[in-house]
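Here is my note for a colleague who has not worked with this structure before.

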Amino acid sequence: MIFEAARMPAKLSVNLNAIAMLRNRRDLPWPSVTGLGRIALAAGAHGLTVHPRPDERHTRHSDLPEIRSLIDDEFPRAEFNIEGYPTEDFLLLVEKHQPEQVTLVPDDPTQATSDHGWNFATQAAFLTPIVKRLKKGGFRVSLFSDPDPDCVAAARDTGADRIELYTGPYGSYHSDSAKAAKELERLGKTADAALAAGLQVNAGHDLVVSNLPALAKRIPALAEVSIGHGLTADALEYGMARTVGRFLKACGW
Ligand SMILES: CC(=O)[C@@H](O)[C@H](O)COP(=O)(O)O
Ligand SMILES: NCC(=O)COP(=O)(O)O
């Protein structure tokens, strides 16, 4: 009888940017980015992701040492993933806070959110020395990538360890199953090509409870998903009833 080794499901890294954006509405310390990170890790999440942008409208640079200490002191098996466009400032931030993984994303500061992967045909020469510097520093490097199997060889040639598949369009087709199925197949074919080229595969952007199972089924070797917006919305929806109860009790009901 032949036994197949059981494959591990994708790891879950909780992106704290949405929590940070809510915190930043007021000059108050709640919701606490590190506190919610602690709850996520205590609940079993495998890591925490932040995407600090130059204007600090989401995660602030001052959040990073707290998150690093949280993982080191309380959850040493968890991973810290820092995402962003690799300016010199970003690279120095990474080198200071020593994440286990760095995800390079081609977003410019005016973008509301990340909405595309690297153009490897034109940007590989820019990325290659950056990947080399990060690898020399001991960081795992992942490159944010559109679902396009033809990109994979150039991504591999930069020296990166992983690609992170941009799942935004897949997430946006939540009410159009035919479009979602087509996009899923593009993601799957890109993952197949990446794995064959020796790259590991992450995925992220607008993933939610309802679109994750099909993604995980099509890409069983998926290493990690990082999820922020949908996970935070879910936490609010499923936590609202309990919280209203707590506030009613505080009112005296
Ligand atoms: C690369 C990616 O998809 C995420 O980093 C995303 O951009 C972060 O979320 P926010 O855009 O909500 O900060
Ligand atoms: N790396 C992708 C990521 O963190 C996704 O964030 P979100 O779209 O779920 O907010």
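1. A term needed for the ligands comes first: a residue is near a molecule or strand if its C-beta atom, placed from the backbone, lies within 6 Å of it. With that rule, 15 residues surround ligand 2, and the closest are Asn15, Gly204, Ser226, Gly228 and His229.

2. The model is a predicted one, in which local features need pLDDT of at least 70 and side-chain atom pairs count only at pLDDT 80 or more, while totals for chains, interfaces and linings use all residues. Residues are numbered from 1 along each chain as its sequence is written, and chains are lettered from A and ligands numbered from 1 in the order in which they are written.

3. The protein has ten helices and eight strands; helices (H or I, at least four residues) and strands (E, at least two) are DSSP runs, numbered from the N terminus. Its C-alpha atoms fill a box of roughly 65 × 45 × 45 Å along the principal axes.

4. Of the 253 residues, 39% are buried. A residue is buried if 20 or more other C-beta atoms lie within 10 Å of its own, exposed if 12 or fewer, and partly exposed in between, with C-beta atoms placed from the backbone. Two residues are in contact if their C-beta atoms, placed in that way, lie within 7 Å. Among contacts between residues at least 6 apart in sequence, 63% join residues at least 24 apart.

5. Strand S3 (residues 79–84) is mostly covered, with five of its six residues buried. S2 and S3 pair in the parallel sense over four bridges, where pairing requires that DSSP finds at least two bridges between two strands. Leu48 has Phe80 in S3 as its bridge partner.

6. Which residues come nearest to ligand 1? They are Asn17, His51, Thr113, Ser114 and His205, out of 14 residues around that ligand. By class, the shell of ligand 1 holds three nonpolar, ten polar and one charged residues. The shell of ligand 2 divides into three nonpolar, nine polar and three charged. Here Ala, Val, Leu, Ile, Met, Phe, Trp, Tyr, Cys and Pro count as nonpolar, Asp, Glu, Lys and Arg as charged, and the others, Gly among them, as polar. Strand S8 (224–227) and helix H10 (229–251) each supply at least two residues of the shell around ligand 2.

7. An unreviewed UniProt entry lists Arg53, His58 and Thr113 under "binding site". Although these are spread over 61 residues of sequence, they cluster in space, the largest C-alpha distance being 10.6 Å. UniProt positions are given in the numbering used here, feature names are shortened, and annotations may be inferred rather than shown by experiment.

8. Is His58 buried or exposed? His58 counts as buried because 23 C-beta neighbours lie inside 10 Å. His58 lies in the loop between strand S2 (47–50) and helix H3 (63–74). Not counting residues up to four places away in sequence, His58 touches Asn17, Ala20, Met21, His51 and Arg53. Thr113, in the loop between strand S4 (101–104) and helix H5 (120–136), has 15 C-beta neighbours inside 10 Å and so counts as partly exposed.

9. "Binding site" in the unreviewed UniProt entry also covers Asn15, Arg26, Asp206, Gly228 and His229. Spread over 215 residues of sequence, these are also spread in space, up to 25.5 Å between C-alpha atoms. Arg26, in the loop between H1 and H2, is exposed, with 8 other C-beta atoms within 10 Å. His229 lies in helix H10 and counts as partly exposed, with 17 C-beta neighbours inside 10 Å. Leaving aside neighbours within four places in sequence, His229 is in contact with Ala18 and Asp206.

10. Some backbone details deserve a check. The peptide bond from Trp30 to Pro31 is cis, with omega near -5 degrees. Asp206 is not a glycine, yet its phi is positive, at about 60 degrees. Glu56 likewise has a positive phi, near 55 degrees, in a residue other than glycine.
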